[in-house]
Amino acid sequence: MSRHLPRTRHAAVAALIAGAVAAGTVVAVDSAAIAAPAAVTAEPSANPDYGSPGQGPEEAVAGDTRATAFAATASTKITRSSVVARARSWVGIGLDYSSGGRHGGYRTDCSGFVSMAWDLDFQPATDTFASRGVTEPITKAELKAGDALLDDDAGSSGHVVLFEKWANSDRTQYWGFDFTPSGVHHRVYDYPYYPGYGPYQPVRYKNIADDVTTPPAPKPGMTDLVAVNINGDAVDDVVGVEASTGKLWLYKGASNGTISSGGNRVEIGSGGWNGMANLAAGDYNGDRKEDIVAVEEASGKLYLYPGTGSGLSSRKEIGSGGWNGMAELMGGDFNGDGRADLAGVEKSTGKLWLYKGNGAGSVGGGSSRVMIGSGGWNGLHDLVGMDIDNDGRSDVVGTEQSTGKLYLYTSNGTGLNSRTEIGSGGWNGMNDLIGGDFTSNANDDLVGVEKATGKLYLYPGTGTGLGARKEIGTGGW
């Protein structure tokens, strides 16, 4: 009897014969009578929901040119999630079981279905998965998504079920996929398969690969970092907004390139700073104390927070609106006139604009602004105004999104020169870049947060570029 019929039916046939003998209706039985067709008709038909009524011959996938037929070991790797997704693509689309049928080049039978899910270049049958080097045996405890339960008999005596996940904590049932005469199923199975079928052996496709899960980057502890010399000691400090509280904190810089620890930081803004964006710094009012400017996100207004030498005083509106249409604001003296300016990218056009400072607490907007970058600047991120070459004019440094490279655009007093690569790649892994003199050596340095670790790093300026980085914040940035 075909393996796809439950073995309990053997007992049913035996019971019928035994009953006939007891009733005296069978007088004599010879070998010919045992083999008579009448005895076979007593056996019920196969349940179309289970097992296999047969499989087509082993063959290459129709129209496939990725590899030579029967080259399983040369196939490329496939992830477990991809196997499950491919199996799911055949569920509920009305496919009929037929060893002579094809869908997407694969046989529409149980082994053709699993060959499709594994993205094989050819399609073996249940009795040749192992001999062709496609599968290897594993234990029940090793089963993972994309593995299979295989009855490796041939033809209608064999069947294969794709494993997805356990359905209970006892591991007596599992979610899986199989193709039977009633269609392609995604359902819960008793382990290893329904009673009366088998035996089934857990197997693994040799070219399956575990999905690689990248751990999420830590949530930022600080945002909108800005380099500003709050206390006027010739060494720049780090100021930033605490994401969880909206408070503004000062981390005082030291001449050796370090900053104060979290326990020694100073609160200079009691709250609400997470409603501000695009912080930039410079001495905008000419009192030799550096100030902070920021955009109020809700209104688009630009505000100046004058420095006091130890913190910040009450803010003053210096831009009436529309500043939330700008991004990547940078403070610096971009034209070398001794007054702090503001530069930023217009979101709608990608142009870079210079807003010249007047030294009295305001910057020139509207028609007085000067375009210093004609377009494409929204393809960069974390722009920084800093004097890399120590010529008294602020340059622009930024990361190209498409490549992760770091570029320097030196200032010529009226605009920017052609860019120079100063970081060969990997800078997309950094954010909140800020520039200033953190080492008190007249060369501006770069500071940034490593996304994957939340650590703060200093890249010392060399006068032409950047030196090897140094960790100055252990985490939580």
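## Salt bridges between separate chain segments

Arg-88 is partly exposed, with a relative accessible area of 39% (buried means under 20%, exposed over 50%, and partly exposed in between, using a 1.4 Å probe and protein chains only). The model is predicted, so local features need pLDDT of at least 70 and side-chain atom pairs count only at pLDDT 80 or more, whereas totals for chains, interfaces and linings use all residues. Residues are numbered from 1 along each chain as its sequence is written, and side-chain values use heavy atoms, with hydrogens and water left out.

The structure holds 21 salt bridges, each a side-chain nitrogen of Lys or Arg within 4 Å of a carboxyl oxygen of Asp or Glu. In one of them, Arg-88 meets Glu-164 at 3.1 Å, N to O. Because Arg-88 belongs to helix α4 (residues 80–88) and Glu-164 to strand β8 (residues 159–166), this pair ties together parts that are 76 residues apart in sequence; helices (H or I, at least four residues) and strands (E, at least two) are DSSP runs, numbered from the N terminus. Glu-164, at 12% relative accessibility, counts as buried.

Asp-210 and Lys-144 also form a salt bridge, with their closest N and O atoms 3.1 Å apart. Asp-210 sits in the loop between β12 (208–209) and β13 (222–228), and Lys-144 in the loop between β6 (135–137) and β7 (148–151), 66 residues apart. In a further salt bridge, the closest N and O atoms of Arg-265 and Glu-242 are 2.9 Å apart.

| Residue | Relative accessible area | Class |
|---|---|---|
| Asp-210 | 41% | partly exposed |
| Lys-144 | 37% | partly exposed |
| Arg-265 | 22% | partly exposed |
| Glu-242 | 13% | buried |

Salt bridges that share partners join Arg-80, Lys-144, Asp-147, Arg-204 and Asp-210 into one network.
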